[in-house]
Amino acid sequence: VLQKRIIRFRDERDWAPFHGPKDLALGAGIESAELGELFLWKSPGEIKRLVAEPGFRERVGEELSDVLIYLLLLAHETGVDLGSAVDDKIQKNGDKYPVSQARGKAEKYTEFGLGG
């Protein structure tokens, strides 16, 4: 439903010619960087205080939305079923990071000696 709304919005404006996979991928990366910039150089305490402020949460929401819009358009343009891709990735990550090995740890799966 959300993806269809975004595509309709885009198509009403005749923006599809500008939304090839390369540009959508780059746009998603740029918007991700803008999201990261909101948190850059801030301590965990500062971030905790900031996310309690409605104005900051609104800015975060806007950047998250921009990233998601680009990703949904990219999935559409490349024929990727994003729901299935996420399900598959969670399964693969579950195999790489079994609860018995990964719980409470920030190490990469290669640190567990399990391969991957």
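User: Where does Glu-63 lie?
Analyst: Glu-63 lies in helix H4. Keep in mind that this is a predicted model.

User: Okay, and what does Glu-63 touch?
Analyst: Leaving out residues up to four places away in sequence, Glu-63 touches Glu-31, Glu-34, Leu-35 and Leu-38.

User: How far away is the nearest side chain of opposite charge?
Analyst: That's Arg-59, 6.7 Å away. Glu-63 has no salt bridge, even though it is buried.

User: Which other residues of H4 are buried?
Analyst: Besides Glu-63, the buried ones are Phe-56, Val-60, Val-67, Leu-72, Leu-73, Leu-74 and Ala-75.

User: And what do they pack against?
Analyst: The buried residues of H4 pack against helices H1 (2-12), H2 (21-39), H3 (44-51) and H5.

User: What span should H4 have?
Analyst: H4 has 25 residues, so at 1.5 Å a residue it should span 36 Å. Its end C-alpha atoms are 36 Å apart, which agrees.

User: What follows H4?
Analyst: Gly-79 does, with a positive phi near 75°.

User: New topic: which residues form the nonpolar patch on the surface?
Analyst: Leu-2, Leu-68, Leu-71, Val-80, Leu-82, Val-86 and Ile-90 do, and together they have about 560 Å² of accessible area.

User: Which helix gives the largest share?
Analyst: H5, with three residues. H4 (54-78) and H5 (82-96) each supply at least two.

User: Where is Val-80, then?
Analyst: Val-80 is in the loop between H4 and H5. It counts as partly exposed because its relative accessibility is 39%.

Methods
Residues numbered from 1 in each chain as written. Predicted model: local features only at pLDDT ≥ 70, side-chain atom pairs only at ≥ 80, totals over all residues. Heavy atoms only, no water. Patch = residues over 30% accessible without salt bridge, like charges linked within 9 Å, V, L, I, M, F, W, Y side chains within 5 Å. Areas by Shrake-Rupley, 256 points an atom, 1.4 Å probe, with all protein chains shown as cover. Salt bridge = Lys/Arg side-chain N within 4 Å of Asp/Glu carboxyl O. Helix = DSSP H or I, 4+ residues; strand = E, 2+ residues; numbered from the N terminus. Buried < 20%, exposed > 50% of the residue type's maximum accessible area, 1.4 Å probe, protein only. Expected span 1.5 Å × (residues − 1). Contact = heavy atoms within 4.5 Å. Lys, Arg positive; Asp, Glu negative; His and termini not counted.
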